[in-house]
Amino acid sequence: MNDVFITKASTYLPNDPVSNDEMETYLGYINEKPSKAKALILRNNKITTRYYALDQEGKPTHTNAQITAKAVEGLFDENFGKEDIELLSCGTTSADQIQPSHASMVHGELNLNKSIEINTSTGLCNSGMNAFNYGFLSVKAGVKENAVCVGSERFSAWMTADKFNHEAENLKLLEERPIIAFKREFLRWMLSDGAGALLLENKPRPNSTSLKVEFIDFYSYAHEIEACMYAGCEKQEDGSLKSWADYPSDEWLKQSIFALKQDTKILDQYILVKGAESLRSSFDKHNLDPNTIDHVLAHISSGYFKEGLKEEFANVGLDFPWEKWFYNLSEVGNIGAGSIFIALEELMNSGKLKKGEKVLLCVPESGRFAYSCALLTVV
């Protein structure tokens, strides 16, 4: 079995950063009225800027595949060119189409002059880590000498006002069901666009920072908990999901079947507790001492969870001091599957890492509560 190293990282964020005051300029006003929920949600999530693959008229400027390809292109240099790629592994929540696969479209965007192996991981925030794991295992097993792994999102096209205007056609109904309206608008003020790419190789690069991948672990709690974040379906009274395919087509728009929705009550109940439980399991499995961890990168969807996550980790004996935590959520926004890649790229290229330091990655997924973590060593 080979050792596996992250030898380079790259980020692509489309267009200029968008401030809180500018968001509705890009996304539009639902039925020409400012949002009542926006201020509350932004106050809690503590995001101040984010990136959209839109112009100020709400027109798309990039596809997800194009954003992903731009991040991959940032890996190319005199040591690694695009024709050197052996495996392209892409994870996303927001592919541009149902089929072909997202990785197929990215491969096409890269204009390679050869056939390569591709892998697409879909889902929610863990889809990026799933893509990372596929590349890690391929290089570790010796099947490939390198892998390019990417996490990306283009959520903005899902959040433009035209996708929501029909919900306010019956204003009386919205007034009677404010919780339903809030649930469907909630994620409008949470999500951002962008991509982060990692180059995995079976040898570290001399005279530069490389990160040895020690392990990647995954945990799912779908056997215990109903769905919390979902799209392409509607949640039923008993917690089950009814597929878009089981609705008449004229109901797809009326009921926002394809909108990305989140059950915030379940989110608060489980997201932190199960995250701490899963991380504790990994530390026990690998016999790790939390005092040996030098940097903690934990993906959070909102600044609302920052204090609580630290407390829950401490409750299971993983009390990392604040100086070890690294976040860039407030500046780049919640980029779902790409967030942990983008945070790691910033830290990796910051000049702060020292040989021998341990970097911990933690990623929650609220879809039906799945978690991943990884340990990296600076070499």
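A: Let us begin with K358, which is partly exposed, because its relative accessible area of 22% falls between the 20% limit for buried and the 50% limit for exposed. Please bear in mind that the model is predicted.

Q: With which residue does K358 form a salt bridge, and how far apart are the closest N and O atoms?

A: The general idea is a distance test: a side-chain nitrogen of Lys or Arg must lie within 4 Å of a carboxyl oxygen of Asp or Glu. Here K358 pairs with E214, and the closest N and O atoms are 3.8 Å apart. This pair links distant parts of the chain, since K358 belongs to strand β14 (residues 358–365) and E214 to strand β8 (residues 211–220), 144 residues apart. E214 is also partly exposed, at a relative accessible area of 30%.

Q: Is E57 buried or exposed?

A: E57 counts as exposed, its relative accessibility being 63%. Its salt-bridge partner is K59, with 3.4 Å between the closest N and O atoms. K59 is partly exposed, at 48%. In total, the structure holds 18 salt bridges.

Q: How far apart are the mean positions of the positive and negative charges?

A: One compares the two mean positions. For the 39 positive and 53 negative charges of this protein, they are 1 Å apart.

Q: What does the secondary structure comprise, and why is the protein described as being as compact as a globular protein of its length?

A: There are twelve helices and 15 strands. The radius of gyration is 20 Å, close to the 21 Å given by the globule rule for 379 residues, so the protein is as compact as a globular protein of that length. Along the principal axes, the C-alpha atoms fill a box of roughly 65 × 50 × 40 Å.

Q: What percentage of the residues counts as buried, and what do the contacts and surface show?

A: Of the 379 residues, 55% count as buried. Among contacts between residues at least 6 apart in sequence, 80% join residues at least 24 apart. The protein exposes about 16700 Å², of which carbon and sulfur atoms supply 49%.

How values were computed:
Residues are numbered from 1 along each chain as its sequence is written. This is a predicted model: local features need pLDDT of at least 70, side-chain atom pairs count only at pLDDT 80 or more; totals for chains, interfaces and linings use all residues. Side-chain values use heavy atoms; hydrogens and water are left out. Helices (H or I, at least four residues) and strands (E, at least two) are DSSP runs, numbered from the N terminus. The radius of gyration is taken over C-alpha atoms; the globule rule is 2.2 Å times the number of residues to the power 0.38. Buried means under 20% relative accessible area, exposed over 50%, partly exposed in between (1.4 Å probe, protein chains only). Contact means heavy atoms within 4.5 Å. Accessible areas come from the Shrake-Rupley method with a 1.4 Å probe; for residues, only the protein chains shown count as cover. Lys and Arg count as positive and Asp and Glu as negative; His and the chain ends are not counted. The place of a charge is taken as NZ of Lys, CZ of Arg, CG of Asp or CD of Glu.
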